[in-house]
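Subject: Handing over the structure

Hi,

Here is the structure I promised to pass on. Have a look at it first, and then read my notes below.

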Amino acid sequence: MTNTQIITTEVRNFTSLRSYPSYITFEHVGKLPTCVDQKFEKNLILEESKIFYPKIDKLEAYFSSEYESLRFGAAQFCGFLHDTIAVEHSIVIPAIRDLYKLPFHIPVQPIEDLFKLITDEGHHAAQALSFINIIKQHFDLEICENGDKLPLFLRRLEKQKSELSSDLDKSLFTMIIGIVTETRISKELGQFTNNEYIISAVRENCSSHQHDETIHASQFRALGEWSWSQFDDEQKELAAELYAKTTIARSLPDISRIAFYMSQVTSYSRERCDKIVNKIFTPDVIREEMLIAARPTIFFLRKLGVLDFKVAREIFTKAGVTV
Ligand SMILES: [Fe+2]
Ligand SMILES: [Fe+2]
């Protein structure tokens, strides 16, 4: 490479980096990612009156003992960990892996920094799996029904992706679901870490994940802002539609899984549990749950300008979300 070429490359990188949104890394904040510690749960320590998962008040009346309620919460938490594995392996890691397929330029440094996050996400999935196995064994639980290993939200997202015809649109979809996920995961973990009624081992597990996600959220927000600034009008229109659709798909609760877990821990039949759960989770309740889960992403989308697009507003309005 000649001197002129080196200077040209450096100037280009500097120009791009100058306008790429700022973000934090572990190095910036003087911390190490949790994968360095390789901390895995070895034992399950239960604590008197403490629970695994925030209770669904209306369901509690159907449990015949505190143990049934505790076991149901343990199953719910395993479901959350199972979703975490799917999020890491099937959403966030592919979003980083496929950055090179995107139809716009991303400066070198942010790509290198995003690549480093893959190690963290692999570790979170490994931590989730080992914790699931301990809880599952202790309470003798099945985590998936009918051998269905894919969480509902992932099945919904895969269907949406399969409806896109071009590889370019699919690559945008892969990036967008990564951004949607990483702008909300810290909030999801907060429902455990901020709740003093939750078992310490559960809070610690979620807290170590949350430690890393602060950095991830910052980097994915920057990617979201940068990509939006690079899109042409047509790409913005498509991205607005995908952001709205995937935010809803990611946020709808899995009612069927709640009934499945209830049928495992009570003497009620699966059909009876379905009826009970469907009666509690009315369309209004489901909409409310979805809104709570989607709120951090909607906040981000509003700031980005996505909600200025009619297509996005219409999708949210149709789902009962006022934006
Ligand atoms: Fe993670
Ligand atoms: Fe992450």
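A definition to begin with: the expected span of a helix is 1.5 Å times one less than its number of residues. Helices here are DSSP runs of H or I with at least four residues, strands are runs of E with at least two, and both are numbered from the N terminus. Helix α13 covers residues 283-304, and its 22 residues should span 32 Å at 1.5 Å a residue; the end C-alpha atoms are 29 Å apart, which agrees.

Before going on, a word on where this comes from. This is a predicted model, so local features need a pLDDT of at least 70 and side-chain atom pairs count only at pLDDT 80 or more, while totals for chains, interfaces and linings use all residues. Residues are numbered from 1 along each chain as its sequence is written, and chains are lettered from A and ligands numbered from 1 in the order in which they are written.

pLDDT is the predictor's confidence in each residue, from 0 to 100. The chain averages 93, and 94% of the residues score at least 70. Over residues 1-17, though, the pLDDT is below 50, and this stretch has seven contacts in the model beyond near neighbours in sequence. Where pLDDT is low, the predicted coordinates should not be read in detail. A contact, by the way, is two residues whose C-beta atoms, placed from the backbone, lie within 7 Å.

**The whole chain**

There are 14 helices and zero strands. The C-alpha trace spans about 75 × 45 × 30 Å along its principal axes. For 323 residues, a compact globule would have a radius of gyration near 20 Å, and the chain has 21 Å, which agrees. That radius is taken over C-alpha atoms, and the globule rule is 2.2 Å times the number of residues to the power 0.38. Among contacts between residues at least 6 apart in sequence, 81% join residues at least 24 apart.

How much of the chain is buried? Of the 323 residues, 34% count as buried. A residue is buried if 20 or more other C-beta atoms (placed from the backbone) lie within 10 Å of its own, exposed if 12 or fewer do, and partly exposed in between.

**Back to α13**

This helix bends by about 55 degrees at alanine 294, and proline 296 follows within four residues. The bend at a residue is the angle between axes fitted to the seven residues ending there and the seven starting there. Among the buried residues of α13 are Met290, Ala293, Ala294 and Phe300. Their cover includes α7 (167-182), α9 (200-230) and α10 (233-251). Just after the helix, glycine 305 takes a positive phi of about 110 degrees.

**α7 and the cores**

At 1.5 Å a residue, the 16 residues of α7 should span 22 Å, and its end C-alpha atoms are 23 Å apart, which agrees. Its buried residues include Leu172, Phe173, Ile176, Ile177 and Ile179. Among the elements covering them are α4, α6, α8 (185-193) and α13.

A nonpolar core is a set of buried Ala, Val, Leu, Ile, Met, Phe, Trp, Tyr and Cys residues joined through C-beta atoms within 7 Å. Which members of the largest core touch the most others? Of its 37 residues, they are Ile176, Ile177, Tyr243, Ala244 and Ala312. Elements giving two or more residues to this core include α4 (66-97), α5 (108-139), α7, α13 and α14 (310-318). Apart from it lies another core of 33 residues, among them Met262, Val265, Ile276 and Val277.

Leaving out residues up to four places away in sequence, isoleucine 176 touches Ala239, Leu242, Tyr243 and Thr246. Leucine 223, in helix α9, is buried, with 26 C-beta neighbours inside 10 Å. With the same exclusion of residues up to four places away, leucine 223 touches Leu114 and Ile179.

**Two loop residues to look at**

Most residues other than glycine have a negative phi. Serine 49 has a positive one, near 65 degrees, and is found in the loop between α2 (26-29) and α3 (57-60). Serine 49 counts as exposed, with 7 C-beta neighbours inside 10 Å. Aspartate 140, in the loop between α5 and α6, has a positive phi of about 50 degrees. With 8 C-beta neighbours inside 10 Å, aspartate 140 counts as exposed.

Cheers
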